[in-house]
Amino acid sequence: KHRVGNMSWDWVEDLVYTHYLDKDIELNGHLTTIDYSSPSALWTTLHQRYQPFYLYNCLYLFLLWTYFAAGGLFMLIEKKGWFSDYKINPKPTSGADYWSCAKNLALNFCIVIPTMNTLGWPMLKQIGLDYHNEFPTLSTFIYHIAACLVLEDFGHYVLHRTLHIKAIYPYVHKVHHEYIAPFALSATQAHPIETALLGLATFYPSIVMKDFHLFTFYCWIVLRSLDANIEHCGYDLHRHIHIPFYGGTAFHDKHHTSFNYNFASRFTYLDHIFGTYKPEPAADKQNKIKTK
């Protein structure tokens, strides 16, 4: 037993390590060797050793690391003047911009999203996202991730356009539109209500698809976070890469300058269909905002 004075700390261990019904196995359960030979073996042995909720929170810490690593990389790129030909908006990001963003991110990443994660954890098993389920094949994994990109894009379009309704916009979505020249770290700058709503757009694909695995869900959450970084990075990274109906960074950057256009996350077809598409700034350099 782990005690400090009269206080037992066994509950902390219970939150981290998996315990077994077989007491002989339980004595050595913490010594389970993690198998790195394949994704499925790694997944299985991690859950043999650690509690699922503990791993769930480790995923969140990994997501934070990737988000701020990507944001920090684009900060460095801008500071050094690298790839300046690809910068969509010549207006530099100021220290005041970063500080304002940091205060909002602290609220979202330290309070809002952890609360959503905690409340959402019991729901995962209820909708069939259980770590015990059969591990997905590579083809199934790719199909589900591709479907997530399409389905989330639709959900994001609907909710994002709703947030631009005049009666709602000043109270919620205006927080995200603080910058007409967005930067990677500003991807998650938002009102808590918006964070929750657009989080639903990310979450619902896992509900509507059959045999969606918890591993795929974890990978999708991290991918979506990095996708948001890229959408807001301010660099036209896809200028020389043509993917049908893929708008990329310039597509979303135009939303921050034209406001009532380009509502989808990444694909352009919904905005074309509903008449809300505007060409990205890279297509017409004269439309770029001049540095004041």
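Reply: The lining of the largest pocket consists of 21 nonpolar, 13 polar and 4 charged residues. In this classification Ala, Val, Leu, Ile, Met, Phe, Trp, Tyr, Cys and Pro are nonpolar, Asp, Glu, Lys and Arg are charged, and the others, Gly among them, are polar. The model is a predicted one, in which local features need pLDDT of at least 70 and side-chain atom pairs count only at pLDDT 80 or more, while totals for chains, interfaces and linings use all residues. Residues are numbered from 1 along each chain as its sequence is written, and side-chain values rest on heavy atoms, with hydrogens and water left out.

The largest pocket holds about 990 Å³ of space. Its lining comprises 38 residues, and Met116, Thr195, Leu198, Gly199 and Thr202 are the closest to its centre. A pocket here is an open set of points on a 1 Å grid over the protein atoms alone, with protein on both sides within 12 Å along at least five of seven lines; a cavity is a set of points where a 1.4 Å probe fits but cannot get out, and lining residues have an atom within 4 Å of a point. Grid points are joined across faces, edges and corners, and a volume is the space filled by probe spheres set on the points.

H4, H5, H6 (138-163), H7 and H9 each give at least two residues to the pocket lining, and H5 contributes the most, with 9 residues. Helices are DSSP runs of H or I with at least four residues, numbered from the N terminus.

The packing of these helices can be followed pair by pair. H5 (residues 95-126) and H7 (residues 192-203) pack at about 40°, with axes 11 Å apart; they are therefore oblique to each other. Axes are lines fitted to C-alpha atoms, for helices over the stretch in contact, and angles run from 0 to 180 degrees between N-to-C directions. Angles under 35 degrees count as roughly parallel, over 145 as roughly antiparallel, 65 to 115 as roughly perpendicular and the rest as oblique. The H5 and H7 crossing is right-handed, that is, the near helix is turned clockwise from the far one by less than a right angle. Met116 of H5 and Thr195 of H7 are among the residues making this contact, where contact means heavy atoms within 4.5 Å. By class, the contact of H5 with H7 has 9 nonpolar, 2 polar and no charged residues.

H7 also packs against H6, at about 155° and with axes 8 Å apart; these two helices are therefore roughly antiparallel, and their crossing is right-handed. Glu152, Gly155, His156, Leu159, His160 and Leu163 in H6 meet Glu194, Leu197, Leu198, Ala201 and Thr202 in H7. That contact has 5 nonpolar, 4 polar and 2 charged residues.

The axes of H4 and H9 (residues 214-231) come within 10 Å and cross at roughly 20°, which makes H4 roughly parallel to H9. The crossing of H4 and H9 is right-handed. Residues that meet there include Tyr56 and Phe62 in H4 and Tyr218 and Leu226 in H9. This contact has 11 nonpolar, 4 polar and no charged residues.

Of its 18 lining residues, Glu78, Thr93, Pro182, Phe183 and Cys233 lie nearest its centre. H4 (residues 52-80) supplies the largest share of that lining, 4 residues. The cavity lining has 11 nonpolar, 4 polar and 3 charged residues.
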